[in-house]
Amino acid sequence: MMRFLALALLTALSGCATQYFRDAGAAPPPASVTLETWPHRDLWVGVVFNGEKIGFTRRTLRPAADAPGLYEIESEAAIRLRFLGIDKRVNLHALDRVRPDLTLATFAYEHEIDGSPLKVSGSADGKQLKIIIEASGSKEQRTLPLTEPLYPSSALSYLPVVRGLAVGRRSRFSVLEGETQKVAEAEVEVLGWESSPLFEGPAFKVVTRLLGMESTSWISADGRPLLEIALNGVLISGLEDEASARRYLVEASLNKRDAMVDFSLLRAGPLPEARAAARMEIVLEGVPAGFELPSDGGQTCRNSRCVIDRTAPLAQGDPARYLKPTLAAPSNLAEIASLAKTIAAGATDEDDRIARILAWMDANIAKEAVDSFTAVDVLRERRAECQGHAYLFAALARALGIPARIVNGIVYSPEHGGFLYHTWNEAWIAGRGWQPVDATFGQPRADATHLKLIEGEQPGDLVPLVGLVGRIRVASVSTRAR
């Protein structure tokens, strides 16, 4: 069994971790393993993030009782950690039904974050993929054509074993990633046959690349996953028994460390009067090759140097599609439309309507690090973190005929002495263009310490951030007040 003391030590020493893994000589020939003969039906895995135990995952493989010829991969995950002082809870449950070759037949995923629910279900018949997404007050259906075999992301734990583990073998698969509701290409490569004091016996070293993330696993010759490392050693998973895996509930309740903030904070400054900044010049280090920092309106980026000028002309573009209701911002719901009408009663123009929305949200929605999937979650809980505030602002603005989009980036936090990842809005003002609006800070024109990185409100839109968090740093920054 894995000892988390050793795993935490590995996290701290990730820069010199190669000493823990050594070539084990000639690898054995590929084992003949099928889903019918799979030897490890039920596995419990503990999860360590940034040196702190935060939860567990469980995965079970079994024949489908009511569907001869199909198999079920049932996955469960429970995560608990502190973020900005809030005790956050994440629960995930997934049930994939697959054919003997592991291609996807049907799926049903249930996600719950801080009490907000999301369900994703559907089927794949080899020709098309049908997806149904349900959240509080919202439902969305999609149909996507398929041109190659599709696998669930849970099958990535089984595919290299069923295909035959052999050093040097590289495979590509089209997979459905349930948390982002995206079909993406996964690459699996067997790099070596290694031994380590962190697990019993030698194992195949397998690297999996998916959605910009790379994880390294060590898998025994018969398919037993022994250890997995991701995010450059920050996220570590290892086998445990059920009692040890579930013990995290007590440990997490005693853990006062803000592991997420420690990992994601870009230390910089201090920047005086950050909320009044009209201009910022910032230089980033560690931006991955191929990631282009956006330039539009008052933000101009060249390579890794950006200037944000709130006195510059606003960004232009086509606002029409940002009036439509979406899963996250269901502006067509009666409760949203009625509330928006009440808030804006008597308003004379877009600026007045935006100001009234911000004032109402400031008075009625608490600013807490509580996640949500839709604006309806925010109204129900009457509290939300920045993303929830952006969802609700977008829904209310669209209900009033103001196009609003959601953007993600970093913003300076005087309380934490650096930049944190943040979500805000851009609202279309007729005759002027896209104006940055921060509902969390109550700013009808967001201050210049907001550096936009990407645009989008669907989980899949946030995937590019995966390659940035924990990697980029602030090399220099300066601001000028209004």
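Trainee: Leaving aside the neighbours within four places in sequence, what is P294 in contact with?

Mentor: In this predicted model, P294 is in contact with Q299, C301, K452 and L453 once its neighbours within four places in sequence are set aside. Each of these counts as a contact because heavy atoms lie within 4.5 Å. P294 itself is placed in the loop between β18 and β19, and its C-alpha is 21 Å in space from that of A320, which stands 26 residues away in sequence.

Trainee: What makes the protein as compact as a globular protein of its length?

Mentor: The protein has 9 helices and 27 strands. Its radius of gyration is 24 Å, close to the 23 Å that the globule rule gives for 482 residues, so the protein is as compact as a globular protein of that length. Along the principal axes, the C-alpha atoms fill a box of roughly 75 × 50 × 40 Å. Among the contacts with a separation of 6 or more, 59% are between residues 24 or more positions apart, and buried residues make up 54% of the 482 residues.

Trainee: Why is the pair of W38 and Y158 called edge-to-face?

Mentor: By the rule for rings, the protein has 11 aromatic pairs. For W38 and Y158 the ring centres are 4.8 Å apart, within the 6.5 Å required of a pair, and the planes stand at 65 degrees, over the limit of 60, so the pair is edge-to-face. W38 lies in the loop between β1 (22-23) and β2 (42-49), whereas Y158 lies in the loop between β10 (150-152) and α2 (159-163), so the pair ties together parts that are 120 residues apart in sequence.

Trainee: How do you know that W38 and Y158 are buried?

Mentor: A residue is called buried when its relative accessible area is under 20%. W38 has a relative accessible area of 4%, so it is buried, and Y158, with 1%, is therefore buried by the same cut-off.

Trainee: What makes the pair of Y151 and F173 edge-to-face?

Mentor: The ring centres of Y151 and F173 are 5.5 Å apart, within the limit of 6.5 Å, and their planes are at 80 degrees, over the 60 that is required, so this pair is edge-to-face. The pair links distant parts of the chain, with Y151 in strand β10 and F173 in strand β11 (residues 170-177), 22 residues apart. Y151 is buried because its relative accessibility of 7% is under 20%, and F173, at 4%, is buried for that reason too. Elsewhere, F21, F199 and W218 form one aromatic cluster.

Trainee: What is the value of omega at the cis peptide bond that joins G269 and P270?

Mentor: Omega is about 5 degrees at the cis peptide bond joining G269 and P270, and P270 lies in the loop between β17 (266-267) and β18 (277-285). E273 is also placed in the loop between β17 and β18, and it has a positive phi of about 50 degrees although it is not a glycine.

Definitions and conventions:
Residues are numbered from 1 along each chain as its sequence is written. This is a predicted model: local features need pLDDT of at least 70, side-chain atom pairs count only at pLDDT 80 or more; totals for chains, interfaces and linings use all residues. Side-chain values use heavy atoms; hydrogens and water are left out. Helices (H or I, at least four residues) and strands (E, at least two) are DSSP runs, numbered from the N terminus. The radius of gyration is taken over C-alpha atoms; the globule rule is 2.2 Å times the number of residues to the power 0.38. Buried means under 20% relative accessible area, exposed over 50%, partly exposed in between (1.4 Å probe, protein chains only). Rings of Phe, Tyr and Trp (its six-membered ring) pair if their centres lie within 6.5 Å; planes under 30 degrees apart count as stacked, over 60 as edge-to-face and the rest as tilted.
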